Amino acid sequence: MNSNADPLDALDDAQAAAAFRRLVRHLRRRHDAQNIDLMGLAGFCRNCLADWIRDAGYDGDKEAAREVIHGMPSGEWKATRQTPATEEQLARMAASVAKNAQD
């Protein structure tokens, strides 16, 4: 047995898909958690999730993928849910995203 195996790889695809859908629905309800704040804290946001589903084989373009994640067109989401980023948020995001390169 490989002691370096990641237990995540043993997770059933149906369970992983259900957890992913739950995460996306949670983020749809919690629009108070701004993308810039998610990026600043965790180095990913809703738009990253849209990119990741495209990387995983989703056939739609970038806008279609964002609509899947946002639950509405991204332009509508930005107009109704997104607030302007502060300089502090932008700096925190830049520092957080820099950590992603270490992965």
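This is a predicted model: local features need pLDDT of at least 70, side-chain atom pairs count only at pLDDT 80 or more; totals for chains, interfaces and linings use all residues.
**Entry 1: count.** I looked up the salt bridges and found 3 in the structure. I then went through them pair by pair.

**Entry 2: Asp32 and Arg30.** I took the pair of aspartate 32 and arginine 30, whose side chains meet in a salt bridge with an N to O distance of 2.7 Å. I checked the exposure of both partners. Aspartate 32 has 49% relative accessibility, so I noted this residue as partly exposed. Arginine 30 has 39% and is also put down as partly exposed. The cut-off for exposed is over 50%, so the 49% of aspartate 32 leaves this residue in the partly exposed class.

**Entry 3: Asp37 and Arg92.** I looked up the partner of aspartate 37 and found arginine 92, with 3.9 Å between the closest N and O atoms. This pair links distant parts of the chain: aspartate 37 sits in helix α2 (residues 35-42), arginine 92 in helix α6 (residues 87-100), and 55 residues separate them. I kept the contact as a salt bridge because the limit is within 4 Å and the distance here is 3.9 Å. On accessibility, I read 28% for aspartate 37, which is therefore partly exposed. For arginine 92 I read 35%, again partly exposed.

**Entry 4: Arg92 and Glu88.** I asked myself which residue besides aspartate 37 pairs with arginine 92, and the answer is glutamate 88, at 2.9 Å between the closest N and O atoms. Both arginine 92 and glutamate 88 belong to helix α6, and they lie 4 residues apart, about one turn of the helix. Glutamate 88 has 56% relative accessibility, so I listed this residue as exposed. Through shared partners, the salt bridges join Asp37, Glu88 and Arg92 into one network.

**Entry 5: positive patch.** I turned to surface charge next. Which residues form the positive surface patch? I found Arg21, Arg22, Arg25, Arg28 and Arg29. I followed up one of them, arginine 21, and placed this residue in helix α1 (residues 13-29). Its relative accessibility is 46%, so arginine 21 is partly exposed.

Conventions
Residues are numbered from 1 along each chain as its sequence is written. Side-chain values use heavy atoms; hydrogens and water are left out. Buried means under 20% relative accessible area, exposed over 50%, partly exposed in between (1.4 Å probe, protein chains only). Helices (H or I, at least four residues) and strands (E, at least two) are DSSP runs, numbered from the N terminus. Patches are made of residues with over 30% relative accessible area and no salt bridge: like charges are joined within 9 Å, nonpolar side chains (Val, Leu, Ile, Met, Phe, Trp, Tyr) within 5 Å. Accessible areas come from the Shrake-Rupley method with a 1.4 Å probe; for residues, only the protein chains shown count as cover. Lys and Arg count as positive and Asp and Glu as negative; His and the chain ends are not counted. The place of a charge is taken as NZ of Lys, CZ of Arg, CG of Asp or CD of Glu.
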